[in-house]
Amino acid sequence: MTKTLYLMRHGQTVFNLKGRIQGASDSPLTTLGVRQAQSAKGYFEKHHITFDTIVSSSQERACETLENAVPNQNYKRLKGIKEWGFGLFEGESIELLKAIKKPENLYGDYVVPFGGESKSEVESRVYETLEDVVANQTNQTALAVSHGSTIGLFIRKVLGNQEGSTYDIGNCHILKIEYDDNQFKFIEIIDPTN
C-alpha cells in the first residue's frame, strides 16, 4: 500500500530574518513565519488533504509552525527530526555555514570539531525517524514538520546527492513524498505561499 508523507520546513524565524545559525538552539516565528504556516493550512484545506499521523521536530519553531498549519490537532514531538546541531556555530552569522556548504553533502563533518553533529549522524536519525513514521503506521497520510538542513539531507538520500542538491527548501515549503515497498519516492515540492 502506498503511503504519502508531507514533509514541511518550519516558517521564518527571528534567526532566519537576522541571518543567524539556529541548529539545536531555537528562535520564535516571525509574523511572516506565522503567515507562511497559515498559507500551508490554506493549501491543505484547498486540496482536501487530511492527516492520519502528525509529527513535529521537538524544537519550538517547528511545533509553532505545525500548530498554525493544522490547528487543534494532536501530534507527537520527535527528536529524530530536529535540526542539525551546529555546536559553537549556533547563534553566529549564517555566512559561516555558507562558506563551508557543499551541494552534495551540505556541511559534511566540518562542524564536528566545534561540537556539532556529523552528516551521517543527522542523515541516519532523520531517515530512520521518517521511515518509522510511515512504515509502522496503518494509516496512509502523514505530516512531519522539520528543518531546512535535515530535510536537505533527507532529500539527498532519497534522490541521490547530486539530484537532491538541486532543491532549495524555503520556509514552509512542503515536500510530497510517497512510501511503498520500503522505498521513498519524491513527488514534488510545494510552495504554499504561491
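Author: In helix H5, the buried residues are Lys119, Val122, Glu123, Arg125, Val126, Tyr127, Thr129, Leu130, Val133 and Val134, where buried means under 20% relative accessible area, exposed means over 50%, and partly exposed lies in between, with a 1.4 Å probe and protein chains only. This is a predicted model, in which local features need pLDDT of at least 70 and side-chain atom pairs count only at pLDDT 80 or more, while totals for chains, interfaces and linings use all residues. Residues are numbered from 1 along each chain as its sequence is written, and side-chain values use heavy atoms, with hydrogens and water left out.

Helix H5 covers residues 119-135, and its 17 residues reach 23 Å from the first C-alpha to the last, close to the 24 Å expected at 1.5 Å a residue (the expected span is 1.5 Å times one less than the number of residues). Helices (H or I, at least four residues) and strands (E, at least two) are DSSP runs numbered from the N terminus. Phenylalanine 114 sits in the loop between helix H4 (95-100) and H5, and phenylalanine 114 counts as partly exposed because its relative accessibility is 34%.

Burial is also the theme of strand E1 (residues 3-9), where 7 of its 7 residues are buried. Lys3, Leu5, Leu7 and Arg9 point one way from E1, whereas Thr4, Tyr6 and Met8 point the other way.

Strand E1 has two partners, E5 and E4; strands pair if DSSP finds at least two bridges between them. With strand E5 (residues 174-180), E1 runs antiparallel over 6 bridges, and here lysine 3 has tyrosine 179 as its bridge partner, while leucine 7 stands opposite leucine 175. With strand E4 (residues 141-146), E1 runs parallel, again over 6 bridges, and methionine 8 is partnered by valine 145.

Strand E5 also pairs with strand E6 (residues 183-190), in the antiparallel sense and over 7 bridges, with isoleucine 177 opposite phenylalanine 186. These two strands form a hairpin with 2 residues between them, and aspartate 181 in the turn has a positive phi of about 50 degrees.

A search of the whole structure finds 15 aromatic pairs, counted when ring centres of Phe, Tyr and Trp (its six-membered ring) lie within 6.5 Å, with planes under 30 degrees apart called stacked, over 60 edge-to-face and the rest tilted. Among them, tyrosine 6 and phenylalanine 44 are edge-to-face, at 6.1 Å centre to centre and 75 degrees between the planes. Tyrosine 6 lies in strand E1 and phenylalanine 44 in helix H2 (residues 31-46), so the pair ties together parts that are 38 residues apart in sequence. Tyrosine 6 counts as buried because its relative accessibility is 7%, and phenylalanine 44 is buried as well, with a relative accessible area of 3%. Another of the pairs, tryptophan 84 with phenylalanine 86, is stacked, at 5.7 Å centre to centre and 15 degrees between the planes, and both of these residues are buried. Finally, Tyr6 and Phe44 belong with Tyr43 and Phe51 to one aromatic cluster.
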